[in-house]
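Here is a walk through one chain, from its overall build to single residues. Please keep the sequence and the model side by side while reading.

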Amino acid sequence: MFKAPQISKCKLVYLPKVKDVRGNLTFIEGDEHIPFPIKRVYYLYDVPGGESRGGHAHKDLQQFLIAANGSFDVVLDDGHNKERYHLNRSYYGLYIPNLIWRELDNFSSGSVCLVLASEKYDEDDYIRDYDELKKANDDANSLDI
Ligand code: T46
């Protein structure tokens with residue numbers, strides 16, 4: 001049976017935006033606007049020009065990335081297909097399921113990457129070998145899970 005590639009699960013999600021003369025407000029509820037309960041929040045900031053982050057995948061972790069300030073690019077890869085996203089607004093974000101290799105680059109000055117995560121930090125959840133990620137996706141496809 002045909003199984004959609006893992007990368008097709010990655011998507012931009014537009015968030016509620018409450019406009020006000022005092023400024024705009026955006027909110028996110030776990031399991032509502034994003035497809036998982038939020039167990040952890042972290043953020044990347046003060047990224048020097050030309051630097052990149054990521055360079056790995058996760059076995060189980062799902063994440064949602066928002067450009068809370070400024071802009072950056074996210075390159076996603078499931079071992080077979082690659083897509084580049086440019087994030088530059090705080091009222092939408094990028095959903096990344098498990099088994100997706102990610103690289104973040106092209107950070108603008110003063111940018112902040114806000115990350116909502118489905119699990120607490122666990123070094124054992126990292127896949128740092130690209131071939132291992134590719135094999136994990138191939139195995140998941142052949143098992144049809
Ligand atoms: C991703 C991008 C956007 C912790 O102690 N707790 C945490 O929650 C995290 C995320 C990291 N750390 C420690 C572990 C390392 O010693 O911070 C150090 C740097 O972490 P990492 O190499 O994972 O950072 P990035 O920016 O390369 O990647 C992280 C996420 O791991 C990754 O999934 O999408 O941010």
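Helices (H or I, at least four residues) and strands (E, at least two) are DSSP runs, numbered from the N terminus. By that count, histidine 56 is found in strand β5. The model is a predicted one: local features need pLDDT of at least 70, side-chain atom pairs count only at pLDDT 80 or more, and totals for chains, interfaces and linings use all residues. Residues are numbered from 1 along each chain as its sequence is written, and side-chain values use heavy atoms, with hydrogens and water left out.

The chain as a whole comes next. It has one helix and 12 strands, and the order from the N terminus is β-β-β-β-β-β-β-β-β-β-β-β-α. The C-alpha trace spans about 55 × 35 × 25 Å along its principal axes. For 145 residues, a compact globule would have a radius of gyration near 15 Å, and the 16 Å of the chain agrees with this; the radius is taken over C-alpha atoms, and the globule rule is 2.2 Å times the number of residues to the power 0.38. A contact means heavy atoms within 4.5 Å. Of the contacts with a separation of 6 or more, 77% are between residues 24 or more positions apart.

The chain exposes about 8500 Å², of which carbon and sulfur atoms supply 48%; accessible areas come from the Shrake-Rupley method with a 1.4 Å probe, and for residues only the protein chains shown count as cover. A residue is called buried under 20% relative accessible area, exposed over 50%, and partly exposed in between (1.4 Å probe, protein chains only). Buried residues make up 37% of the 145 in the chain.

Which strands form the open sheet, and in what order? The sheet has five strands, ordered β8-β7-β10-β5-β12, with antiparallel pairing; two strands pair if DSSP finds at least two bridges between them. β8 and β12 (126-127) stand at the edges with a single partner strand each, so one side of each has no neighbour in the sheet. Further in, β7 and β10 (residues 101-105) run antiparallel and are joined by five bridges. In this pairing leucine 76 stands opposite arginine 102 in β10. Three bridges join β10 to β5, also antiparallel, and arginine 53 stands opposite leucine 104 in β10.

Histidine 56, in β5, counts as buried at 12% relative accessibility. Leaving aside residues up to four places away in sequence, histidine 56 touches Ile100, Trp101, Arg102, Tyr126, Ile127 and Arg128.

A nonpolar core is a set of buried Ala, Val, Leu, Ile, Met, Phe, Trp, Tyr and Cys residues joined through side-chain atoms within 4.5 Å. The largest such core has 19 residues, and those with the most contacts inside it are Leu65, Phe72, Val74, Leu76, Leu87, Leu104 and Cys113. At least two residues of this core come from each of β6 (63-69), β7 (72-77), β8 (82-87), β9 (92-96) and β11 (112-117). A second, separate core has eight residues, including Val13, Ile34, Tyr95 and Leu116. Leucine 76 touches residues well along the chain in both directions, among them Ile7, Cys10, Tyr85, Leu94, Ile96 and Trp101.

Why do cysteine 10 and cysteine 113 form no bond? Their sulfurs are each other's closest cysteine sulfur but lie 14 Å apart, too far for a bond. The cut-off for a disulfide is a pair of cysteine sulfur atoms within 2.5 Å, and by this rule the count is zero. Cysteine 10 is buried at 6% relative accessible area, and cysteine 113 is buried at 0%.

Two loop residues have backbone angles to note. Aspartate 46 has a positive phi of about 55° although it is not a glycine. Aspartate 46 lies in the loop between β4 (40-45) and β5 (53-58) and is exposed, with a relative accessible area of 68%. Asparagine 106, also not a glycine, has a positive phi of about 60°. Asparagine 106 lies in the loop between β10 and β11 and is partly exposed, at 47% relative accessibility.
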